[in-house]
Amino acid sequence: MTGRVTGRVTGGDGVRCMLMRGGTSKGAYFLADDLPSDPAERDGLLLRLMGAPDPRQIDGIGGAHPLTSKVAVVSPSADPAADVDYLFLQIGVDEATVSDRQNCGNLLAGVGPFAVERGLAAARGAETAVRIRMLNSGSVATATFPTPGGRPAYAGGTAISGVPGTAAPVLLDFEGTAGSATGGALLPTGRVRDVVDGVEVTLIDNGMPVVVAAAADFGVTGDEPPAELEDRLRDRIQSLRLRAGELMGLGDVAGASVPKTTLVAPPRAGGTIATRTFIPLRAHTSIGVLGAVTVATAVLIDGAVGHDLARPPAPGAPLGIEHPTGRLDVDVRLGAPPDGPDGPGGGVGVPAVRRAAIVRTARKLFDGTVFPRPPGDPHGT
């Protein structure tokens, strides 16, 4: 195993890395001390480790898809309210981009076990809770997972849609909002509905900036396969999200991974709402954790896009967010509307988010040393 590396890493020097599946994503997990402290040097190294830019990522460990071209950087937290800090980085596939403008709730599922594996957090009996500060948004989540014998257990009987087989459960619990990349307001524009690019939308951020729109307004049912929707709607989705990004305070999002766009439709498989999500232009084969939390929150708000399409769950039951490969159950609890324009709802009488929780699974796939391609390749990385 190598120790800390620098921006002078050559093709012969390796970096300590753990490859993990977190939820329905897969990513490379690093200790912050094993990467360069300078962000530019760190990002250049990660591009070379992941094999980007290249549609196949053939010369790195990336999986040639946004869901498998992800990085988690973990370190001890200086915040007394947290055990560890987690920085999520989305690595471009066919573009030399590294973005920290969003969280990833799927990779979050692996952060607690990784922290115990690396000695950043101690196992506490048969079950361990690790408080994780998400540096992308500043919010804190608690991950609770089994640790029999003082080590994370990955085998178990919990199944999640989009992942074959079963694994040990990881409960992700967010007190209050799950974070915000748009300035702290649940509704960044202060309105429950906006008209953007000729389409009624709800612009919302409870952990992930999302443009929620009705599938019917795009001339689709919301039941189509992801690849079909991607082919049909890519240009319209890009036009919509570019305008929505400005309204949400994200600026020019042409090269950013947020906001995501989720098309909603009436449920078809016993859930609360049916969804098709773009990340940001590739059609998701399921739905991201924080994207699902945000869409579930929108569905609960009277007047928001999707509220009138949803089938409300039984009292106390989670909201079933249907997606192309199954369903993701989300527990979102809302409280009384905050007073004033500075409240989480933006001053429009929107209920405050009291809690959100979701069950994921994670699995350690590989632990060892990863080797970057040499610097100075034709792409300049």
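Reader: Which residues touch the most other members of the largest nonpolar core?
Author: In this predicted model, the largest nonpolar core has 86 residues, and those that touch the most other members are Tyr86, Leu172, Phe174, Phe218, Leu263 and Val330. Helix α4, residues 289-300, gives the most to this core, contributing eight residues.

Reader: And is there a second core, or what else is there?
Author: There is a second, separate core of 17 residues, and its members include Ala28, Met50, Leu87 and Val370.

Reader: Back to Leu172, what is it in contact with, leaving aside neighbours within four places in sequence?
Author: With those neighbours left aside, Leu172 is in contact with Gly105, Leu108, Ala109, Thr142, Ala143, Val289, Ala356, Ala357, Ile358 and Arg360.

Reader: Now helix α1, is it mostly covered or mostly uncovered?
Author: Helix α1 is mostly covered, since nine of its 12 residues are buried. Those buried residues are Arg42, Asp43, Gly44, Leu45, Leu46, Leu47, Arg48, Leu49 and Met50.

Reader: What covers them?
Author: The cover over the buried residues of α1 includes the strands β1 (15-22), β2 (25-31), β3 (70-76), β4 (84-91), β5 (98-99) and β16 (353-370).

Reader: How far apart are the end C-alpha atoms of α1, and what span should its 12 residues have?
Author: The end C-alpha atoms of α1 (residues 39-50) are 16 Å apart, and because a helix of 12 residues at 1.5 Å a residue should span 16 Å, the two values agree.

Reader: What caps the N-terminal end of α1?
Author: Asp38 does, with a side-chain oxygen that lies 3.2 Å from the backbone nitrogen of Ala40. Just after α1, Gly51 takes a positive phi of about 85 degrees.

Reader: What does Asn136 touch, not counting residues up to four places away in sequence?
Author: On that basis, Asn136 touches Tyr86, Leu87, Phe88, Asp100, Gln102 and Asn103, and the side chain of Asn136 reaches the backbone oxygen of Gln102 at 2.9 Å.

Reader: What is the mean pLDDT of the chain, and where is pLDDT under 50?
Author: The mean pLDDT of the chain is 91, and 92% of its residues reach 70 or more. The pLDDT is below 50 over residues 1-11, a stretch that has 35 contacts in the model beyond near neighbours in sequence. It also stays under 50 over residues 340-347, for which the model has 14 contacts beyond four places in sequence.

Notes. Residues numbered from 1 in each chain as written. Predicted model: local features only at pLDDT ≥ 70, side-chain atom pairs only at ≥ 80, totals over all residues. Heavy atoms only, no water. Core = buried A, V, L, I, M, F, W, Y, C linked by side-chain atoms within 4.5 Å. Buried < 20%, exposed > 50% of the residue type's maximum accessible area, 1.4 Å probe, protein only. Helix = DSSP H or I, 4+ residues; strand = E, 2+ residues; numbered from the N terminus. Contact = heavy atoms within 4.5 Å. Expected span 1.5 Å × (residues − 1). Polar contact = N/O pair within 3.5 Å; in protein donor to acceptor, adjacent residues only side chain to side chain. pLDDT = per-residue confidence, 0-100.
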